[in-house]
Amino acid sequence: MYPRGHSLKDLVRTSPFLNPPPKATPDSLALLGLRRDHFIPITLQDDGAAVTNTRFGSFPHQALLDLPWGTQVRAINVNASRSKKSKKQGGGKKRKRADDDDGDGNLREDDAGGEDGEGEDGHELASSGFVHLLPPTPETWTISLPHRTQVVYTPDYSYVLQRLRVRPGDTIIEAGAGSGSFTHASARAVFSGYPSQQASAKELENVENGIAGGDALPKKKKRKFGKVYSFEFHEPRVQVLRDEVKEHGLEEIVTVTHRDVYEDGFCIDEEVDGQPQPRANAIFLDLPAPWLALKHLTRSPPTSSQIRSSANSPMPVTESDKPFRTPLSPTKPVHICTFSPCIEQVTRTVSMLRQLGWIEIEMVELLHKRIDVKRERVGLQEEGLRGGNPMPKSVDEALGRLREQELRTRGFYERQKAKAEGKEDDDADAGAEAMEKELVKVEDGTGDAEGIESLLSKQQRMESNQSKAQERKIWKEGKLVHRTESELKTHTSYLTFATLPREWTEEDEKRVARKWPVKKQGGVENGDGGKRGRKGRGKEEAKLPEGGEDD
Amino acid sequence: MHSRVLLNTHVVLRLPSGQFKIVEVIPNTAIPLGKYGSFSTNLILGRPYHLTYEILDKEDGQTHSKLRLVPASELNAEALASEDAAAQGEEKTESAANAKGGVEFDIVGENGELLMRSNRLTIDDPLRQTLTQDEIEELKRAGTGSGKDIIAKIMASHQALDEKTSFSLAKYTVRKSKKYLKRFTVLPMDPGMLAKVMMEREAVRIMELREEMLGLIASWANVHHYSDPGEEMETKRGGRWLIIDDTGGLLTAAMAERMGILYPQEEEVEESDEEDLEESNATNGTNHQAPSPKDPPRPTTTDASEKELATTTSNPKKAPYNHTPSQSSPTTTLTLLHPSAQPSLGLLRHFGFDTNEPSPTHPLHTHLKTLSWLSLLSPSTDPAYAEPPLVTAEKLATWKSGKRGTYHRKRRRWERVKRVVDETREGGFDGLVVATAMELKGVLEHTLPLLRGGAQVAVYSPHVEPLVQLMDLYSRERRAAFMIGGHTSAPSPHANETEKRELEEDFPLNPLALLNTQLQTARGRAWQVLPGRTHPFMTARGGAEGFLFSGTKVQPVEGRVEARGRFAKRRKVEGGGEG
Ligand SMILES: C[S@@+](CC[C@H](N)C(=O)[O-])C[C@H]1O[C@@H](n2cnc3c(N)ncnc32)[C@H](O)[C@@H]1O
């Protein structure tokens, strides 16, 4: 697809998460979107035999390659028996959403599936089903990744990354890596380019200019590239995640380390620009006992007075054999978040954070809801239809029905009476006639032509409703309502945030104070941020009473 | 950027009352904090963020207060003390009271005096506090200390002090110190912070966009930095997001932050070049560099005094001649569609960017593109899009320099408008972010065709109703009806006006163009964490909850949905428009 030759593309492996190619390409991660919250991750292969089988049909990779993203793709009926064996069953039952509870039968989820065959067994896989071909995002990966552990989902990781102030070029420490959900989201957040891209660009330049080695070039200030340092002590998980990171083209951004962080902390032997790593400015701990890891997240060795001998801090300090190293950025403020489901964990973490001099400690629980929207259809016309409420829609409709029922009952008695009196024919006819007249009145009264239907049997009414429904635009009818989705996560974890400001010594202060001496001057008052400068700027500051006081 | 307080940047001060104050750090000026006193900006310049200071009382003959850096240990002392107390079992009585449902709020009066304690174990009445409010005021005026003295005196004069458990003592102190301690904390200005500050002041101006939503929007719009090592990188566009922002620029700032185009590049000046940093910051507070390596080298910095002058007066900054044209970056860009003649992005000035006088060295100068709805939908009627007559070089040479300048400026402006309008109409955007009070159907009708397949859409609204309506346009029933109901078969060339109108009414938007539409809300709930007394805070801000609609742009199966009347019309806009 790409022209050969001296190209950066050959030297730098990019990530489909960050640089999705314009079209589906071989060896790159793609997702097949089956329905809401249901995606199948596949690595496309340029191989005639490669087929992905889903509940909605089979999709040979050859038919997917080179398609633009977002394309709706029809299944191709390859070989039903092969589908049967396939492990990649798309339509798992476990995550059935409210889709199915409004039970509108014939209107099946149409994002995928079309004529979705019933067969979980694979034999009846419809050949006319379809899926959407999508590029991967951390959001879709999070819900489709092979789960090894509990994972952090989009609402939580979005909030955490926001609060941790994670930006392109930042360095984040993450432990434990678990299934790598948070890993992918933070890789996107820190991404500021591929380190080899700069190096290769330089090399390329040198090759072109006939210069060997990079020294001849003027020394430029190096950019710092965003990095994720991920730690996990469960070896198989480390392996799986490393493979994924590689396959997803993120190996230049994510470093996965196999380690028990309680014991051995977060420093690693890698050096970037002669600086020991990670030099992190953001930390996310999704561990059972985050307080045990905190002692490794300081800028100077914690003193024993900081770590008081209270019951909750088994604190093995002094590792005098090794010189102290910090995994933290020496200059940037460091933001941390610990993610714990239980309040006891929070208490211990917060206590330890306080002892270690973290400030702005805050604990927050994120309440997240997804909302279902539907149309609530009420009325007699709904009898026999799915998704509607067949109660009368109004007092008038109720009255109408009551009247009809009453007439019907009367008609019945009249017929009974006639029968009993033996003058079946004549009188019965007369009775029926009277009833007809009444009915007309009822119809006039309510203006509801359907009134007459209560004279029909229930079965007949339902059938009549169903056939009428064909003409109705039920997607526009009824009242538009919303409510919380049926499966609600009411608690994921407590999020504890804190900040460790840069250390500031007296020497630092002296140095800067020399730079910015406080001169004797006429007391120029610097009001609020926006006062000088353009007119009409920020009313918002002007509103704040000076020294805003109230409590 | 956030390591230290740089010259002429906006910072946020958190005051003892918990209120925030935005301040621009102009050297050699005083920042007044009302009754807390005032201090010189030079005392915070060059220092790290997140530090808390105490304003010391002026010594005789001094014009300025000094600041004392409050160490973290002192900031955490109260909480730690109460943890200790808890650990020592002193909490027995307290927690017993709590367990029985004892209320534990102090009622503090208007002026900070303690009116009533609900703690059942302490009999309390205001009379026990022998120091009157007048006396307290007196003490403050006398300036015998920085608040701490006062607290100590009040505590000492409190007869019932002995009855207090350490817990209530700690709590009492907290209450008092809030009132009397002259402390403030210097916090960096960033979109999350700005959202917090604005929520307290002018929530409506930012459409009540909470910090919680910023992260969620960025995720669902898949907003991130873009860097393409492809060969054609000089010209190839990539990482482009379309944005509609009625929050005064907060949303734009938040997305720009995620893309790495909100702040000047600073990573290279980390610890290695400490002294360099001093220099470059001192002379160069508002000098910004775009982050992408393909951007041209940073323009040579102007001389310190000149720079200071330029940024401290409201004179328009003269752009250096050799700078890259504004709004010209091919990658990692935000394209803002605005409803008025000018974009309304006033809040960006907190990040050193003014859309009226954009600093040519700010990353947003090249990475933020703006155009009005008129330019997008009907460029031919937009005067800004019309080419100003070209003048020959010979003729130009005869003009006065002022006239020549105007001519060049007009040409440059037109080139910019044309470039932005043309590339926007070409489409291919990677995502769409919306926060607007405008009708969403119209907004999406004109923007969805500009997205590439697989692009993400995120629409924020303070209220749920507009998004409920939007969800309904993509309901399963509507999608099914669209497909089954004959609308999806081959286009009917015979469709008359009535039929078209009906189609428009039934399907205001192509219900198949967005996949995975969902509606959600998220809200943080803050807790107090103290041993035995951990619970959610009792009050929080009400107001709009804030909701997010999201979806993925897709391309329905060929030949089924495509060329129905109105969609053909929309495609025209996409392809080059009616203009
Ligand atoms: C809940 S999972 C993390 C999930 C992850 N945040 C995600 O989003 O996929 C917790 C992980 O921490 C790992 N872990 C627990 N204790 C550890 C330790 N001391 N050092 C390193 N990893 C640890 C566990 O093996 C587990 O995989």
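I started with B:Glu257 and found it buried, at 5% relative accessible area. I kept in mind that this is a predicted model. The side chain of B:Glu257 meets that of A:Arg167 in a salt bridge, 2.6 Å from N to O. This pair crosses between chains: B:Glu257 sits in helix α8 (residues 250-259) of chain B, and A:Arg167 in the loop between α5 (154-163) and β7 (171-175) of chain A. I checked A:Arg167 too, and it is buried at 11%.

Next I looked up another cross-chain pair. A:Glu360 and B:Arg14 form a salt bridge at 3.9 Å, N to O. I placed A:Glu360 in strand β14 (residues 359-378) of chain A and B:Arg14 in strand β1 (residues 10-14) of chain B. A:Glu360 is partly exposed at 22%, and B:Arg14 is partly exposed at 26%.

Then I went to a pair within chain A. A:Glu382 and A:Arg472 meet in a salt bridge at 2.6 Å, N to O. They lie 90 residues apart, so I noted the pair as a link between distant parts of the chain, with A:Glu382 buried at 0%. A:Arg472 is buried as well, at 17%.

Last, strand β14 of chain B (residues 451-461). Here 10 of the 11 residues are buried, so the strand is largely enclosed by the rest of the structure. I found β14(B) paired in the parallel sense with β13(B) (residues 429-435) over 6 bridges, with B:Leu432 opposite B:Val457. β14(B) also pairs with β17(B) (residues 547-553), in the antiparallel sense over 6 bridges; there B:Ser550 is the bridge partner of B:Ala458.

Technical notes
Residues are numbered from 1 along each chain as its sequence is written. Chains are lettered from A and ligands numbered from 1 in the order in which they are written. This is a predicted model: local features need pLDDT of at least 70, side-chain atom pairs count only at pLDDT 80 or more; totals for chains, interfaces and linings use all residues. Side-chain values use heavy atoms; hydrogens and water are left out. Buried means under 20% relative accessible area, exposed over 50%, partly exposed in between (1.4 Å probe, protein chains only). Helices (H or I, at least four residues) and strands (E, at least two) are DSSP runs, numbered from the N terminus. Two strands pair if DSSP finds at least two bridges between them. A salt bridge is a side-chain nitrogen of Lys or Arg within 4 Å of a carboxyl oxygen of Asp or Glu.
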